[in-house]
Amino acid sequence: MKIKDTLINTFERAAFLIDGRPIHKSDFINRNVDIIVETITNMYNKRKIILHPGTSLFFYLSTVLASFASYMSDDTDKLAFIDNLSTGDLVIYQGKRGEYKGKDDGGRIVIENRDKGLLTVNRVPRPIWNSISPYNGEGRTLDGRGLRRRTESIKLLSNLFGLNSNELKSVTTKGVVVVCERSEADRFMARFNVELEGVKVPINELYPSAFYTIDDIHYYPGNSARVEPLLKFTSKLSVARKLIIEDNGNEILIVNGSKFFTEDISEIASIYNRNSLKSILFLGELWNGVNSPLFSTVDDLESVIWTKGELKKFSISETSRRDSNKNISLQERIANCSNCENRHIRIESTLDHNLFASCKTNLYELMKQGDSDDLKAFVIKANWLLNLLERSFFPLSTMERLISEGRISALSPTREIDNLYFIAQNIMNLEFQDKMLNICTILRKIQTALYHENPKFDYLLELIQKARKSSIAVVMDKTYYQAVFFESVPSDLKDHVEYNFYTPNKFSSDAVFSNVVITGITDWKRFNPFLLSNTHTVTFMLYPNEEKRMRRLESQTHEDIMAIRKAYEEKFTNNEYNCIYDTQTIDSADEIRIETELEEFVQAVSLSYSYSQVKDTGTTSEQNSEVKRVAILETGEKIFFTKHYNPYVFDSDRQVVVESDVMSLARGDMLVFTNYDSDTRDVVERIMDIILDSDNCDEHFRESHASFTYWKARLKEYLQDNKMSFRRLSEKMGHYGKQKHEVTLKSWLDDGSHIIGPRDRESFQAIANITKDPIMLKDPDLFFRAFRDIRSMRVRILKYIGRNIIQTYNRDYDVQDEILNKLPIDLSKMSRLVEIEEIVDVKNLTIASHLTNRPHNL
């Protein structure tokens, strides 16, 4: 039987459970399983994208089916690893660690166990050699402690694929690489089970699995032997690329989540046509995946787009209480997609809404007429202010007050209008001056009308009051809009307002809402409200001038989907996405073009001006660094990020500060920086210094910090004294059994990196052996324990910073930490929270190192 037929047969026979509840195999699920199986079993470099209504079911089923396909397609000698064993190597046999002693005169493998002090010699005949597996774990006792019994797994695998136990492989050479969020991989490994004929086994015990980071491997439970994982998870496309290039046995790639095939398309392009990669499956939700650059970047990508027209072909399946919650959620989303109501609420007020369009037209004409620095600065500031006035849903007076109190990081609209008048009044060209003063007058009129009241605020507050708590989600342009809105709500109504506010980049479809409210027309490249599945109503709260653009964008959505279908699908139905507007009757095309060109101009001019400024700041004697990404902040400041810098990001959903990486940053991210422009040292290191200087500092922590500082200094000295490159150091680490990538080694010693060192004892032993340092050689484990102490304190400090940030939104929030509360730390003065307005990739930009990775007012 072919692998494809075996997979379909296996899916039909087995039960797949999430949290103990089975996945209901509806017609819609079965259809998607057919698509997945056809993709992962095709041996002719199949590439496919599925844009679906949501839930993790597509990811879970794709991953487990891919693991089945990988296991069954492995036709290498299942006993080849035996020939690579050396006397003294540890192996697993009969659920216990044993020591390989070679072969006896009869050709049997000799394995010694020592359980409770009793030595046992096992002689394993060739027919059952497959019951032996290698052991690469940390345990050294010759018994079964810390090992899981695989009896149930062996039985299930035999039943799943119709194999005898002696046909099963203890080591696989084929693998599946899965790119997804770490939390998603952890949930899958912890919650997913496979059951057949009364035998139920968790997925983490069925196949060896691990999560890969840039510099480490986390083995999931069930792989205590640390054999080569069949399932390899990572949240970095760069890591996935490395795994695929270094091992041709990784033949299937699953990319789960549109952010991965939207933000770092170059990594996908570099491996897309690799012959060893038999199948690539992209999984994403329709609302944030349809505008992915993937469609215009790669060739031969087959697409499956589950729009409302397609979903209506499937009846809403009956579900029971026994079914997985994911099934129930999926059915709800299918119903929402099929029947979603778009409500266009026209916000009326005494304000002349033609002022918005008039102002943008004047700005556009001004942009086309000249290129002086003053003119460019004027257009950039005026465009920012106009967007704020149009998209805000709060009185501007509240925003001004919060800025003056230092509670939000944003530009003052009043001061910016004053600055615009100043530029206009001092420009030499009188033709430009008239147009610029006219723009200033329009902006002042709109600002005055919205200063003490805002019709969008009134409508939204009334809508939220009438709704059930938590049933409404509000999509806003900037994160700080939320703080201004809540500050504007009367105190007696605050209990009626829930915290379901998102920027387009941060919108999550995990929760289901009765209504998603759109507060303004903004960047919908990664958020298309017309394609949402987690709500049955989308309300567009817009001024009349915005409504025309919204209608044009809805028509554009229809055109985009049809273009993808025509390019990548052989068969499609032209009415699968029902747009109620005829593109030919809409008169806002010019407005869309004006807005698009204005935004592109503002971004390009703002960045090019900053590049020239920052290049002229350094000196030739300074150390330089290559810049990979540039962020524009809401304040107008710029940050020039190096590739391996680890920024602190405030996760507003979890209300914690986390260490992230530059390539994962997106518009709307909130970053934490030290509030000292003259020093690049980050806020965590400053707090660490305060702890060490404090009388309350524990002496053990001081010793740990000293040890932590010692090994880094010793390794730096060794590299300098021996003029050794990080590549050579990587090779020497490998010689001692702990090879690390040269980028990882560099990050350990880089003062700007937050990767503070290796997470395993063996690496510290290897460093001791390389440096020949007598202190490290005497007790390398001391330095591993010091690393853990420092890392633990860093996590503690990050939590403390996160709690203090929360306190800025809620003054009644009590920040508690028995150590940090006693220190003279004023985080309001020591740190600042900034929001990314825009972030772009750059090439061939090198600047002085001290100017990187912190905000600059350029």
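Student: Which is Phe485, buried or exposed?

Tutor: This is a predicted model: local features need pLDDT of at least 70, side-chain atom pairs count only at pLDDT 80 or more, and totals for chains, interfaces and linings use all residues. Residues are numbered from 1 along each chain as its sequence is written, and side-chain values use heavy atoms, with hydrogens and water left out. Buried means under 20% relative accessible area, exposed over 50%, and partly exposed in between (1.4 Å probe, protein chains only). Phe485 has 0% relative accessibility, so Phe485 counts as buried.

Student: Which residues does Phe485 contact, leaving aside neighbours within four places in sequence?

Tutor: Phe485 is in helix α19, residues 480-488. Helices (H or I, at least four residues) and strands (E, at least two) are DSSP runs, numbered from the N terminus. A contact means heavy atoms within 4.5 Å. With those neighbours left aside, the contacts of Phe485 are Phe393, Phe394, Phe457, Leu460, Ile464, Val497 and Phe501.

Student: How many helices and strands does the chain have?

Tutor: The chain has 858 residues, and 56% of them are buried. Its secondary structure comes to 29 helices and 29 strands.

Student: What share of the contacts between residues at least 6 apart in sequence joins residues at least 24 apart?

Tutor: Start with the contacts in the chain between residues at least 6 apart in sequence. Then keep those that join residues at least 24 apart, and the share is 73%.

Student: Why is α16 called roughly antiparallel to α17?

Tutor: Axes are lines fitted to C-alpha atoms, for helices over the stretch in contact, and angles run from 0 to 180 degrees between N-to-C directions. The axes of α16 (residues 413-426) and α17 (residues 430-449) come within 9 Å and cross at roughly 165°. Angles under 35 degrees count as roughly parallel, over 145 as roughly antiparallel, 65 to 115 as roughly perpendicular and the rest as oblique. That makes α16 and α17 roughly antiparallel.

Student: How do the residues in the contact of α16 with α17 divide by class?

Tutor: From α16 the contact includes Ile417, Leu420 and Tyr421; from α17 it includes Met436, Leu437 and Cys440. Ala, Val, Leu, Ile, Met, Phe, Trp, Tyr, Cys and Pro count as nonpolar, Asp, Glu, Lys and Arg as charged, and the others, Gly among them, as polar. By class, the contact has ten nonpolar, six polar and two charged residues.

Student: What is the angle between α13 and α17, and what is the handedness of their crossing?

Tutor: Helix α13 (residues 354-369) packs on α17 with the axes 10 Å apart and an angle of about 155°. That makes α13 roughly antiparallel to α17.

Student: How many nonpolar, polar and charged residues are in the contact of α13 with α17?

Tutor: Among the α13 residues here are Leu355, Phe356 and Leu363, and among those of α17 are Phe432, Ile439 and Ile442. Charged residues take part too, including Glu365 of α13 and Lys435 of α17. The count is eleven nonpolar, four polar and four charged.

Student: Which residues of α26 are buried?

Tutor: Helix α26 covers residues 761-771 and is mostly covered, with eight of its eleven residues buried. They are Ser763, Phe764, Ala766, Ile767, Ala768, Asn769, Ile770 and Thr771.

Student: Which residue just after α26 has a positive phi?

Tutor: Look just past the end of α26. There, with a phi of about 55°, sits Lys772.

Student: Thr55 has a positive phi although it is not a glycine; what is the value?

Tutor: Thr55 is in the loop between β3 (46-52) and α3 (57-73). Its relative accessible area is 16%, so Thr55 is buried. Its phi is about 80°.

Student: Is Lys723 buried or exposed?

Tutor: Lys723 is in the loop between α23 (699-721) and α24 (726-735). Lys723 is not a glycine, yet its phi is positive, at about 45°. Its relative accessibility is 77%, so Lys723 counts as exposed.
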